[in-house]
There are 2 protein chains.
Amino acid sequence: MIGIRRLAEHLGLSIGTVSRALNNRPDVNPETRKRVLEAADELGYVPNQSGQSLRKGTTNSIGFMIQSGFDPSSNSDNFFLGVFDGVQIVLRRHNLDLTVLPCPLDEDPAQYLQRMVARRGVDAMIISATRRVDARIDMLIKARMPFIALGRSTSGSNYPWIDLDFEGVANVAIDRLVARGHRRIALGLPSNDINLGYVFLDGYKSALKRHKLSFDPSLVARVATSEQGGYQLTHQILAMQPRPSAVLLVYEMMAIGAYRRLNEAGLLPGKDLAIVTFREPPMARFLSPSLTCFRMSLRDFGVSLGESLLAAMPDFASTYPNGIVNKIWPLELVSGESDPFMPK
Amino acid sequence: MIGIRRLAEHLGLSIGTVSRALNNRPDVNPETRKRVLEAADELGYVPNQSGQSLRKGTTNSIGFMIQSGFDPSSNSDNFFLGVFDGVQIVLRRHNLDLTVLPCPLDEDPAQYLQRMVARRGVDAMIISATRRVDARIDMLIKARMPFIALGRSTSGSNYPWIDLDFEGVANVAIDRLVARGHRRIALGLPSNDINLGYVFLDGYKSALKRHKLSFDPSLVARVATSEQGGYQLTHQILAMQPRPSAVLLVYEMMAIGAYRRLNEAGLLPGKDLAIVTFREPPMARFLSPSLTCFRMSLRDFGVSLGESLLAAMPDFASTYPNGIVNKIWPLELVSGESDPFMPK
DNA sequence: ACTTGGAGCGAAAACGTTTACGAGTCAACT
DNA sequence: AGTTGACTCGTAAACGTTTTCGCTCCAAGT
């Protein structure tokens with residue numbers, strides 16, 4: 001493993017000059033710079049991460065915190081793998097590396113993040129699964145660590161975030177259901193403190209209002225964001241009098257549970273209960289009837305996430321001069337057969 | 001952000017003593033050690049990662065390389081998230097952190113790994129999606145970086161790996177299919193160089209041999225490890241004369257495609273073609289008929305992975321004195337309805 | 001009383017970089 | 001001819017730790 005010292009000796013130069021050559025400083029002869037770069041390549045010199053960041057106070061890597069383990073509220077498909085890819089497209093352009101930090105299931109997310117931030121192992125942070133009140137946000141602001149949150153929160157005041165368009169989706173979904181004759185539309189929300197539950201509810205309410213339908217709190221259920229939750233929710237719906245004719249689900253896995261409960265009762269999704277789900281589950285097209293849901297490009301989303309993060313980092317403020325950006329990511333309707341026109 | 005220097009000043013001690021106190025060295029008064037620890041806690045001192053690893057040559061963090069992006073041959077989110085959790089259970093016991101390194105889709109995995117290793121940002125590596133001949137293995141050996149591979153390979157000679165029991169699964173599956181009357185059993189393998197394809201084929205062959213069935217190469221197809229691949233494979237099977245009565249698929253997503261192709265042809269999985277799949281897809285129970293497949297505990301697997309890695313690290317050889325360990329992880333049959341007894 | 005030894009601590013070097021500063025050379029200008 | 005400035009490059013300090021070495025102090029042994 002070769003260091004800058006041996007590289008300099010090999011070239012007959014001082015380590016200072018070699019360093020400047022490698023870092024594209026102006027005050028080095030183009031001739032020598034070329035020699036240095038060639039030698040570095042030949043000897044396989046790679047700067048030592050620790051030495052570099054100790055001196056510079058910067059690590060050239062970005063942390064992406066996720067929760068590890070089987071959290072049923074996590075997405076069912078390759079959501080993160082897709083997003084990582086988009087983020088990296090942006091980061092690689094600036095020689096930044098992405099390191100994913102999976103918070104163990106049994107550790108408090110804020111404490112885990114605290115540890116990671118204090119170690120100074122990353123220059124900036126992406127946090128996911130944002131809670132309605134999320135201690136991590138105040139913490140990051142206080143620690144002056146640039147970050148972006150994947151999801152809005154009521155914590156903090158003015159910080160960068162990017163979120164999916166839950167309100168838009170709720171509105172489009174309700175519009176569609178109403179147009180198809182539905183009036184009593186149930187809503188399945190997550191039972192935990194994930195903020196999207198609140199935003200989704202807002203969209204649901206405002207859409208109802210536009211259609212001059214009254215809001216009935218008994219139609220809103222907060223259940224586990226899993227197949228189990230969907231099963232249980234559908235069980236409740238079947239017992240309601242009068243029974244809702246449609247249900248809007250925020251998590252795709254819930255739809256699977258809903259299908260199962262209906263099948264068990266000898267009922268048909270789309271016939272006895274219309275179902276619309278938020279994000280497209282990977283098995284959407286293999287469900288029968290096909291599920292009406294919403295679709296997004298994970299890679300594009302990741303790219304946008306990366307760019308918004310860089311805009312929040314002082315070192316890149318010149319290339320991404322947007323400052324603090326808050327963005328709402330749109331989704332596209334995938335029309336299925338799980339919510340046909342209501343039979344008379 | 002407070003460093004050891006200011007911590008020492010605050011205590012009226014030298015930084016050497018403070019460091020020794022924090023690191024549980026013997027030559028420090030228990031009284032002062034207590035004072036130091038309390039002050040560190042109070043002032044929120046956390047050692048600077050870069051300084052520490054520059055001096056010690058060790059980073060206290062383990063890298064887990066995965067492929068980011070939508071590589072259908074890679075496992076899904078849920079697989080890795082589950083494994084991460086298990087790995088961390090072990091690592092946290094030794095104050096090690098897990099950092100996941102997602103290799104961008106468009107970068108050569110070996111080069112990416114090279115970069116990560118040369119930067120000295122991690123003490124050891126876990127690599128996944130092992131190829132039959134995998135440049136990463138020789139590279140890691142040459143760089144003297146402790147590692148474990150998730151999957152066997154023909155590269156290298158004696159290195160730690162842990163792999164799923166593909167041969168066992170293939171044998172159990174074939175036994176079951178044969179017992180149910182099937183004689184012409186097709187096999188769906190990945191088209192890329194992932195090693196499991198070869199191992200799985202070996203298991204398939206040896207099982208056939210045990211049952212004194214001849215091996216027919218025209219029955220094994222190498223297709224994309226995706227739903228598309230399964231669709232295409234089933235398409236081929238339907239055109240065969242005589243048509244195989246069963247198919248054994250190595251990737252769960254293939255089963256989805258198989259179901260779809262059969263449905264399109266007006267045929268029924270399990271009736272017109274028996275289907276058995278390797279690993280349980282998350283939607284296994286919602287397929288109709290339910291899929292016969294194999295199940296494993298991701299967390300337990302992760303724990304074993306973590307322990308085997310530690311055994312390969314010189315610093316932990318005393319606590320995990322197994323040396324280089326190669327392990328085959330068993331899976332459990334989940335009996336479904338997709339491969340019933342063959343009708344006469 | 002003198003040595004021995006251990007316990008506890010401070011001083012300083014070292015890890016691999018980057019960068020501020022200064023020194024040297026040489027051409028161009030006054 | 002002397003001054004100026006641009007262009008290269010070397011020197012050395014600094015980043016925050018850990019660890020080796022040696023020093024002091026004091027108790028215990030001779």
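**View 1. Residues around DNA strand C in the predicted model.** Of the 27 residues around DNA strand C, those that come nearest are A:Ile4, A:Gly16, A:Asn48, A:Gly51 and B:Gly16; a residue is near a strand if its C-beta atom, placed from the backbone, lies within 6 Å of it. This is a predicted model, in which local features need pLDDT of at least 70, side-chain atom pairs count only at pLDDT 80 or more, and totals for chains, interfaces and linings use all residues. Residues are numbered from 1 along each chain as its sequence is written, while chains are lettered from A and ligands numbered from 1 in the order in which they are written.

**View 2. The largest nonpolar core.** This core has 78 residues, and A:Phe64, A:Ile126 and B:Ile126 have the most contacts inside it. A nonpolar core is a set of buried Ala, Val, Leu, Ile, Met, Phe, Trp, Tyr and Cys residues joined through C-beta atoms within 7 Å; buried means that 20 or more other C-beta atoms, placed from the backbone, lie within 10 Å of the residue's own. Beyond its neighbours within four places in sequence, A:Phe64 is in contact (C-beta atoms, placed from the backbone, within 7 Å) with A:Phe84, A:Val87, A:Leu98, A:Val100, A:Leu101 and A:Ile126.

**View 3. A second, separate core.** Among its 47 residues are A:Ala170, A:Tyr204, A:Met254 and A:Leu273. Of the 344 residues of chain A, 47% count as buried.

Technical notes
Buried ≥ 20, exposed ≤ 12 C-beta atoms within 10 Å, placed from the backbone. Contact = placed C-beta atoms within 7 Å.
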